[in-house]
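Trainee: I'd like to understand the terms used for this model. Could we go through them together?

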Amino acid sequence: MTSSTASSSSSSSTASSTPSTGRTVFLVAHTGRPAAIRSAELVVQGLLRCGLGVRVLAHEAADLPLPPEVELVTETTEGVLDGCELLIVLGGDGTLLRGAEFARGSGVPMLGVNLGRVGFLAEAERDDLDKVVDRVVTKAYEVEERMTLDVVVRSNGDIVHRDWALNEAAVQKVSPERILEVVLEIDGRPVSGFGCDGIVCATPTGSTAYAFSAGGPVVWPEVEALLMVPISAHALFAKPLVTSPTSVLAVEIQTGTPHGVLWCDGRRTVELPPSARVEVRRGTVPVRLARLHHAVFTDRLVAKFALPVSGWRGAPH
């Protein structure tokens, strides 16, 4: 983890005539939400007022009230984040995962502002926009790396698809009336086979997402591990499994069962034919997240899920 701090000058006290600092921030927003549009406008105004450049995707800019000095780029532009020191994402979990696709490929840290319901990847809430701008301007944030997954799909022994995920790679059934017959493998050895609705292979970051909904454990982000969580399994032994970060997880779809589908972070999908094999291992490229404070994960968990903690007395002093 690396950290950086700068002067304490506030964005609210900086004159609009502040000269350019030569620094650029990339902004991604869920423009389908009025709250995101207003939030994007406030963030852009604050950054420009403090002399930072702002870069935005052209198709998102069409829905945002942006001044002419904002730089517009297309999503297919090579090196779309070149020269940017930070990626700010405004939206819910889906928008944050979309931002992670940019962040991973570029190595630029991502700072999420939650405008959705839970937003475990987000570092700030909508009411914190002034603080977000101030921390970005003064570089008063730290950067941590989050484990990712590398995913390979094989058919008849040949690699037919490669992908990655920050949260999870989920093998799921397609037909609601038919279950998916699978055999699970860890480190080259079979574990169990059964019919199910699917299998979730997740990172600790993804333990509070799809894997959590499927009954998996909550894993603290600093723990290095891989998770394998069955979804609605028809079996006596179908417990969530937590393995070494160096393990290789595999899900084999049985011949004769209906085809399945692979979802990576709920965003990218590919059809899986019968007898397909999905292999999941620790990713070689992490996602870098910008952090504004040192709040422990326990407090984040309690806050995000509104867990009841009344009556807690704490350790005796």
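Mentor: Gladly. Rings of Phe, Tyr and Trp (its six-membered ring) pair if their centres lie within 6.5 Å; planes under 30 degrees apart count as stacked, over 60 as edge-to-face and the rest as tilted. By this rule there are five aromatic pairs. The model is predicted: local features need pLDDT of at least 70, side-chain atom pairs 80 or more, while totals for chains, interfaces and linings use all residues. Numbering starts from 1 along each chain as its sequence is written, and side-chain values use heavy atoms, without hydrogens and water.

Trainee: Why is the pair of Phe120 and Phe297 called tilted?

Mentor: The ring centres are 6.1 Å apart and the planes stand at 40 degrees, so the pair is tilted. Phe120 sits in the loop between β6 (110-114) and β7 (124-125) and Phe297 in helix α6, 177 residues apart, so the pair links distant parts of the chain.

Trainee: What makes the contact between α1 and α4?

Mentor: Helix α1 (residues 34-49) packs on helix α4 (residues 129-137) at about 35 degrees, with axes 10 Å apart. Contact means heavy atoms within 4.5 Å; Ser39, Leu42, Val43, Gly46 and Leu47 of α1 meet Leu129, Val133, Val136 and Val137 of α4. By class, seven of these residues are nonpolar, two polar and none charged; Gly counts as polar.

Trainee: Why is the crossing of α1 and α4 called right-handed?

Mentor: The near helix is turned clockwise from the far one by less than a right angle in a right-handed crossing, and α1 passes α4 in that way.

Methods:
Axes fitted to C-alpha atoms, helices over the stretch in contact; angles between N-to-C directions. Helix = DSSP H or I, 4+ residues; strand = E, 2+ residues; numbered from the N terminus.
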